[in-house]
Amino acid sequence: MQSQSRISCGISRQGVLNNIAKYLGNVKTLLAELNFRRAKNWLYGLCAMCIYSILKIHNMIQIVDFIREYKSIKKEIDSAINRVLRRGVFVLGPEVENFEKNFAKYCGVKYAVGVASGTDALYLSLLALDIGRGDEVIVPVNTALATAMAVKMSGAKPVFCDSDENFLIDINKIPALINKRTKAIMPVHLYGRACDMEKLRALAKAHKLFLIEDCAQAHGAVWNGKKVGGWGDFSCFSFYPTKNLGAYGDGGAVTTNSEGHYKKLRALRFYGAHDRVTSAMFGINSRLDEKQAAILSVKLKYLDKWNQKRKNTAKLYGKLISNKNIILPKVNNENEHVYHLFVARAKNRDSLMKVLKKKNIQTLIHYPLLLHNQPIFNYKGRFANAEKHSKEIFSLPMHPFLKKEEVAQIAKILNA
Ligand SMILES: Cc1ncc(COP(=O)(O)O)c(C=O)c1O
């Protein structure tokens with residue numbers, strides 16, 4: 001799970017502000033002493049520091065780059081936002097309906113329901129399936145906090161499963177975790193790579209379990225000719241800004257082929273009220289807003305093209321990185337991975353990350369803390385693969401607007 005504020009830069013905006021504040025504090029003190037000459041020097045220092053910091057941020061190669069994206073579709077985005085403002089309908093209006101229809105079509109399913117976030121999409125799916133206190137849900141141990149937190153929100157217990165060699169839930173280790181309290185499996189198409197949904201579906205069916213797909217990182221990924229989002233009883237998406245299909249704020253959606261599930265979810269996102277007036281069941285307020293839906297409709301048109309750019313970048317990384325200590329993601333079928341993140345492995349990843357940081361290239365670890373180690377879950381268990389990977393993984397810059405020269409620059413540093 002990442003956020004704009006959560007994304008750590010080599011030199012952060014907060015850092016710049018702190019420096020400015022420090023200098024202003026010094027200037028004030030000096031002026032108070034009427035030492036104008038020294039104060040003037042401090043002011044020059046402050047200006048130089050600001051310019052240097054701005055240039056440094058500007059030149060950084062970032063994990064994601066929202067500004068380049070916005071510039072490329074500015075006219076369409078501005079006009080979509082203006083349309084919403086002029087219409088004066090801000091929540092659950094025509095933009096949401098239109099987006100829901102188009103997103104369902106894109107995923108190859110009958111229904112989509114817009115909600116406030118990916119976390120809510122997961123939580124509401126669990127509520128719709130009456131999963132709660134006393135129940136267990138199997139989730140991967142290496143994923144965003146939100147996957148397991150949604151289970152916790154429902155009152156059920158998340159049961160953690162180890163990763164396979166591709167960082168995905170190890171399907172072979174799931175049967176040993178199933179007992180009479182188990183109600184669902186919640187696989188995550190982590191980093192943008194689709195899980196083997198045929199195997200997972202067969203396993204869920206054999207044990208009479210629900211299957212809830214966490215598609216938050218994999219809009220457009222395909223497993224065996226069929227997009228993610230259409231394999232589970234419910235499939236859950238996040239439109240958090242960093243995602244392959246990201247809003248300019250929070251948002252999420254649940255997709256399903258069941259009319260019954262669809263109707264229940266629409267009620268659950270609106271205080272449990274089927275008709276927006278009468279509520280006969282527990283529900284919450286979790287609505288996608290009109291501005292975000294209008295933005296998402298613009299960006300949905302570009303999703304396949306932008307996913308292709310990500311795939312091209314992944315190929316280029318593969319071609320240019322020759323350092324034998326680095327293990328890069330490999331795919332059998334180009335369509336199964338949409339590279340939400342480009343996660344590599346190396347035993348010396350900490351030193352590689354340090355070198356990249358020095359050269360003004362941002363890297364991150366997804367995720368620095370495996371879920372069983374999160375204090376909130378306080379979970380005992382051994383997860384051999386995930387624990388090994390967590391010491392070696394690091395994410396390189398990956399977004400549709402990354403330039404070939406930038407990929408070459410990163411590869412050169414990694415090969416040195
Ligand atoms: C795998 C996964 N699941 C769920 C979520 C939750 O989405 P949101 O941040 O929109 O609540 C995220 C996003 O961070 C995610 O990466």
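Helix α8, residues 197–206, lies across β4 (182–185) and β5, and runs at about 150° to β5. Helices here are DSSP runs of H or I of at least four residues, strands are E runs of at least two, and both are numbered from the N terminus. Lying across implies contact, and two residues are in contact if their C-beta atoms, placed from the backbone, lie within 7 Å. The angles run from 0 to 180 degrees between N-to-C directions, with axes as lines fitted to C-alpha atoms, for helices over the stretch in contact. Helix α7, residues 145–154, lies across β2 (136–140), β3 and β5, and its direction is at about 170° to β2.

Before I go on, this is a predicted model: local features need pLDDT of at least 70, side-chain atom pairs count only at pLDDT 80 or more, and totals for chains, interfaces and linings use all residues. Residues are numbered from 1 along each chain as its sequence is written.

Now the sheet. It is open, has 7 strands with mixed pairing, and its order is β1-β9-β8-β5-β4-β2-β3. The edge strands, β1 (111–115) and β3 (157–161), each pair on one side only; pairing requires that DSSP finds at least two bridges between two strands. From one strand to the next the twist averages 25°. Within the sheet, β5 (residues 210–214) pairs with β8 in the parallel sense over 3 bridges, and Ile212 has Phe234 in β8 as its bridge partner.

At the other end, β1 and β9 run antiparallel and are joined by 5 bridges. Ala112 stands opposite Thr255 in β9. Buried means 20 or more other C-beta atoms within 10 Å of the residue's own, exposed means 12 or fewer, and partly exposed is in between, with C-beta atoms placed from the backbone. Tyr111, Val113 and Val115 point one way from β1, while Ala112 and Gly114 point the other way, and all are buried.

Next, the core. In general, nonpolar side chains tend to be buried together in soluble globular proteins. A nonpolar core here is a set of buried Ala, Val, Leu, Ile, Met, Phe, Trp, Tyr and Cys residues joined through C-beta atoms within 7 Å. The largest one has 106 residues, of which Leu124, Val137, Cys236, Val254 and Phe342 touch the most other members. Helix α6 (residues 118–128) gives the largest share of this core, 7 residues. Why does the core lie between domain 2 and domain 3? Domain 2 (71–300) and domain 3 (303–415) both give residues to it, so it lies between them. Those bounds come from an automatic or database domain assignment. Leaving aside residues up to four places away in sequence, Val254 touches several residues, among them Val113, Val115, Leu124 and Cys236.

One annotated site. An unreviewed UniProt entry lists Lys243 for "modified residue: N6-(pyridoxal phosphate)lysine". UniProt positions are given in the numbering used here, feature names are shortened, and annotations may be inferred rather than shown by experiment. In the model, Lys243 lies in the loop between β8 (234–238) and β9 (252–256). Lys243 is buried, with 22 other C-beta atoms within 10 Å. Not counting residues up to four places away in sequence, Lys243 touches Ala216, Gln217, His219, Ser238 and His340.

Leu356 is buried because 20 other C-beta atoms lie within 10 Å. Its contacts, not counting residues up to four places away in sequence, are Ile361, Thr363 and Ile413. The C-alpha atoms of Leu356 and Ile410 are separated by 7.6 Å, with the two residues 54 apart along the chain.

Some backbone details. A cis peptide bond, omega about 15°, joins His366 and Tyr367, and Tyr367 is in the loop between α12 and α13 (384–390). Asn378, in the loop between α12 and α13, is not a glycine but has a positive phi of about 40°. Asn378 is exposed, with 8 other C-beta atoms within 10 Å. Arg276, also not a glycine, has a positive phi of about 70°.

Last, the totals. The protein has 14 helices and 12 strands, and 42% of its 416 residues count as buried.
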